[in-house]
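Notebook open, structure loaded. I want to look up the charged pairs, then a helix pair, then the surface.

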Amino acid sequence: MNLFSSFEIFMAKRMAGKTGSGSRLSKLMARIAVVSVMLSMAVMIIAIAVTAGFQNEVRKKAVDLTGHIILSNYDSNISFEATPVAIAQANIPELLKIKGVLIVRPSATKGGIIKTADEVQGAVLKGFDADVGLSAFADYLVEGELPTFSDSAITNKALMPVSLAKRLFLKVGDSFDMYFIQDPPRVRNFVVSGLYNAPFDNVSDALILADIKHIRRLNGWTNEQVGAVEIFINDMANLTRIAEQIDDLMAYTITDEGRRLKVETVADLYMQLFDWLNLLDMNVVVILVLMLLVAGFNMISGLLILVFEKTAMIGLIKAMGMRNVGVQRIFLYRAAFIVLKGMLWGNIIALSFCLLQYYFHLVPLDPANYYMSYVPIMLRAWPLIAVNVFGFIGITLLLALPVLVIARISPDKTIKSE
C-alpha cells in the first residue's frame, strides 16, 4: 500500500514536472486552472476582508455615537428632550462589575438653533461629563482639539462637525450662539475648539459635542441627573449577554415613583442599519459559492482533458496491476498540486492587496453613500484559515466527478503498439 502511494505521488509529480509529457492543450488547461483557482481564492479572501472591515467600521461609528447599550427613562420620547435619569439609579459601580463592561458614559441631548451673521441651522447639543468626555471621537478629529471638561468649572468649548461648520462658515476658534426654544427662550455662546467628521452624515452631521453642564442648567437638572447612560463593552459578540445582565440589574433599581430604566442596544436604535449589515454576510456566502464553482469547473475541465490525453498511460498502469482507486489518486494528486499552487498565489495576491489598502487606502469610497472615504479592511486569522481549508476541500470534492471516468477505461482498448 505504501509502495503504491509512493508510486502515485511520483506519477503525479512526473506529470506536473517540466519533463512530464503532455500536449500543449493540457499544459494550457493546467495554467488556466491555476489562474482560475488563484483569482477565485483572491476574490474570496478580499471579499471576506472587505465585508468584515466594512461591518466593523459601521458598527464602530454607531457605537461611538451612542455606546453599545443605552439606559434611559421609559417615558423618553423620540425627540432630543429626554426625561432625566438619576445617576444613582443607573448604579454605575455595579455596571462596571459586569464582565465585559469597559466604560460607562453619562450623556444628554438638547435641540436648538445656531445663528450666525449669515446663516441659521438647526442642531443638536450633546453633552458629556468630565469623567469620560469625548475620547471616543478622537478618531474623527480633523482640525483643532477635543475640548476637556472638569467637575467644577463649565466650559463653552465645543466640537462641531465639518459639514455643519462649512454650512455656517465657521472655523476653529470662531464663536457662535445657539438658541434653545423653551420657556423662557435661552441662548448659549460656544467656541469651536475642533472640527470632526460626523460618523453618519444623515444622523450626526448637526451634532455639537459640549459640556453636559450646559444642558443641566438649561433643563434645570441637578448635577446628579443626565439624559442617558451609555455603556461600552469589550466585544459586539457579547452584546446580547451583557444587555440581559444589565436588564436584570435594572430590575432591582426602581425609583420612588416605581420607575425602572429602559435598556436598549445599539442594534435596537439602528435596527435597519444592523439588518443591512447582516445581509452582507449572505452576499459573502454567495460570492464564496460562485468562486468555488468557477474554480471547480475550470479544474474539472482541465482534469478531464488530462485524463483523456493520458488514456494510454492509464491502460498501461492498469495492465500492470494498479486498481482504479490508485489510478484515480494519481490524477487527484496532480489536481491537488494545481489547486495548492493556485491557492498559494491567490493568498499572496489577496494579502498584498489587503495590506496595501489597509495602510495606503488605495481604493476610495463616497462617504455620502458608504459612511467612509475608503474601502476598509479587516483581516482575521480564523476566516483566512477557514476559506483556505474549505476552499481546498470544496474544489477537491468537485474533482471526484471527472476521475470517475478512469474506472471506465479498459486496458485492452487503450494500449497501442508503437
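Helices first, then. I note that this is a predicted model. I looked up helix 11 and helix 12 and found a right-handed crossing. Their axes come within 10 Å and cross at roughly 140°.

Next, salt bridges. My search of the whole structure turned up nine. I started with Arg105 and Glu230, whose closest N and O atoms are 2.5 Å apart. This pair links distant parts of the chain, with Arg105 in strand 3 and Glu230 in strand 11, 125 residues apart. Are these two buried or exposed? Arg105 is buried at 1% relative accessible area, and Glu230 is buried too, at 4%.

Glu230 also meets Lys126 in a salt bridge, at 2.8 Å from N to O. Here strand 11 is linked to strand 4, the residues being 104 apart. I have Lys126 as buried, at 6%.

Then I checked Asp139 with Lys60: a salt bridge, 3.1 Å between the closest N and O atoms. Asp139 sits in the loop between strand 4 and strand 5 and Lys60 in helix 2, so the pair ties together parts 79 residues apart in sequence. Asp139 is exposed at 61%, while Lys60 is partly exposed at 29%. Asp64 joins both of them in a network of salt bridges.

Last, the surface. I found a nonpolar patch of about 830 Å², with Leu355, Leu356, Tyr358 and Phe360 among its residues. Leu356 lies in helix 12 and is partly exposed, at 41%.

How values were computed: Residues are numbered from 1 along each chain as its sequence is written. This is a predicted model: local features need pLDDT of at least 70, side-chain atom pairs count only at pLDDT 80 or more; totals for chains, interfaces and linings use all residues. Side-chain values use heavy atoms; hydrogens and water are left out. Patches are made of residues with over 30% relative accessible area and no salt bridge: like charges are joined within 9 Å, nonpolar side chains (Val, Leu, Ile, Met, Phe, Trp, Tyr) within 5 Å. Accessible areas come from the Shrake-Rupley method with a 1.4 Å probe; for residues, only the protein chains shown count as cover. A salt bridge is a side-chain nitrogen of Lys or Arg within 4 Å of a carboxyl oxygen of Asp or Glu. Helices (H or I, at least four residues) and strands (E, at least two) are DSSP runs, numbered from the N terminus. Buried means under 20% relative accessible area, exposed over 50%, partly exposed in between (1.4 Å probe, protein chains only). Axes are lines fitted to C-alpha atoms, for helices over the stretch in contact, and angles run from 0 to 180 degrees between N-to-C directions. A crossing is left-handed if the near helix is turned anticlockwise from the far one by less than a right angle, and right-handed if clockwise.
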